[in-house]
Amino acid sequence: MLQIVQACRRHLPKRTVSISLSVSSFSLLVGALMTLGTSQPVRAQAASPLPPEMMKTTVQQVSDSLAKYVARSSCSDIGKLIKMLPTEGSSPALDPNSIIGAVMLSIKNSPDLQSIIASRVGPPLISKAVECNMIPPELIMQVMSR
């Protein structure tokens, strides 16, 4: 996150950048990253607020933090997190003028960045879902019958 702030100050010197995450905004970021990591890639390209290598490093760091958060969370915490995920049509529009919004839009438009999230967050999330019995047997049977 510090890299984002430094890059923003360098590229946007007239803006004041303050990044602090409360528990609720961290949960929102987690939900958005999980949603973006599993959604279909959008092909339209938007300008990234960070240079490509810095964006990749930032997404890797956030994904690693998210993976650690998921791995050490309780089943109750994961259940709450899943309930916070936006459903189709209920996802708030991202503000491309905010740093987080611009980063999220860059992720949404980049299959490579989405792959980073999926490869780092996916395994602990699936493990936690199995550990917490969040995959109903009916779903397994339905998938197997296809």
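Where does Asn-133 lie?

Modeller: Asn-133 sits in the loop between helix 6 and helix 7. Helices here are DSSP runs (H or I, at least four residues), strands are runs of E with at least two, and numbering starts at the N terminus. This is a predicted model, in which local features need pLDDT of at least 70, side-chain atom pairs count only at pLDDT 80 or more, and totals for chains, interfaces and linings use all residues. Residues are numbered from 1 along each chain as its sequence is written, and side-chain values use heavy atoms, with hydrogens and water left out.

Start with the backbone. Phi of Asn-133 is near 55°, which is positive in a residue other than glycine. Most residues other than glycine have a negative phi. Asn-133 is also exposed, at 69% relative accessibility. The cut-offs: buried is under 20% relative accessible area, exposed is over 50%, and partly exposed lies in between (1.4 Å probe, protein chains only).

Now the disulfide. Cys-132 is joined to Cys-75, with the sulfurs 2.0 Å apart. The term means a pair of cysteine sulfur atoms within 2.5 Å. A search of the whole structure turns up 1 disulfide. Cys-75 belongs to helix 4 (residues 75-84), while Cys-132 is in the loop between helix 6 (111-131) and helix 7 (137-144), so the pair ties together parts 57 residues apart in sequence. The torsion about the S-S bond of Cys-75 and Cys-132 is about -80°, so the disulfide is left-handed. Cys-132 is buried, at 13% relative accessible area. Cys-75 is partly exposed, at 32%.

Next, helix 6. Its packing partners include helix 3 (residues 52-72): the angle is about 5°, and the axes are 9 Å apart. Axes are lines fitted to C-alpha atoms, for helices over the stretch in contact, and angles run from 0 to 180 degrees between N-to-C directions. Helix 3 and helix 6 are therefore roughly parallel. Under 35 degrees counts as roughly parallel, over 145 as roughly antiparallel, 65 to 115 as roughly perpendicular, and the rest as oblique.

Helix 3 gives Met-55, Lys-56, Val-59, Gln-60, Ser-63, Asp-64, Leu-66, Ala-67, Val-70 and Ala-71. Helix 6 gives Leu-113, Ile-116, Ile-117, Arg-120, Val-121, Pro-124, Leu-125 and Lys-128. By class, the contact of helix 3 with helix 6 has 12 nonpolar, 2 polar and 4 charged residues. Nonpolar covers Ala, Val, Leu, Ile, Met, Phe, Trp, Tyr, Cys and Pro; charged covers Asp, Glu, Lys and Arg; the others, Gly among them, are polar.

Gly-122 lies in helix 6 and is partly exposed, at 23%. Its C-alpha is 7.9 Å from that of Ala-67, 55 residues away along the chain. Ser-119 is in helix 6 too, and is partly exposed at 48%. Ser-119 and Asp-64, also 55 residues apart in sequence, have C-alpha atoms separated by 10.0 Å.

Helix 5 (residues 99-108) packs on helix 6 as well, at about 95°, with the axes 6 Å apart. That makes helix 5 roughly perpendicular to helix 6. Ser-106, Ile-107 and Lys-108 of helix 5 meet Leu-113, Gln-114 and Ile-117 of helix 6. This contact of helix 5 with helix 6 splits into 3 nonpolar, 2 polar and 1 charged residues. Met-104 is in helix 5 and is buried at 3%.

Finally, the whole chain. It has 7 helices and 0 strands. Of its 146 residues, 32% count as buried. Among contacts between residues at least 6 apart in sequence, 79% join residues at least 24 apart. The accessible surface is about 9,300 Å², with 59% of it on carbon and sulfur atoms. That area comes from the Shrake-Rupley method with a 1.4 Å probe; for residues, only the protein chains shown count as cover.

How values were computed
Contact means heavy atoms within 4.5 Å.
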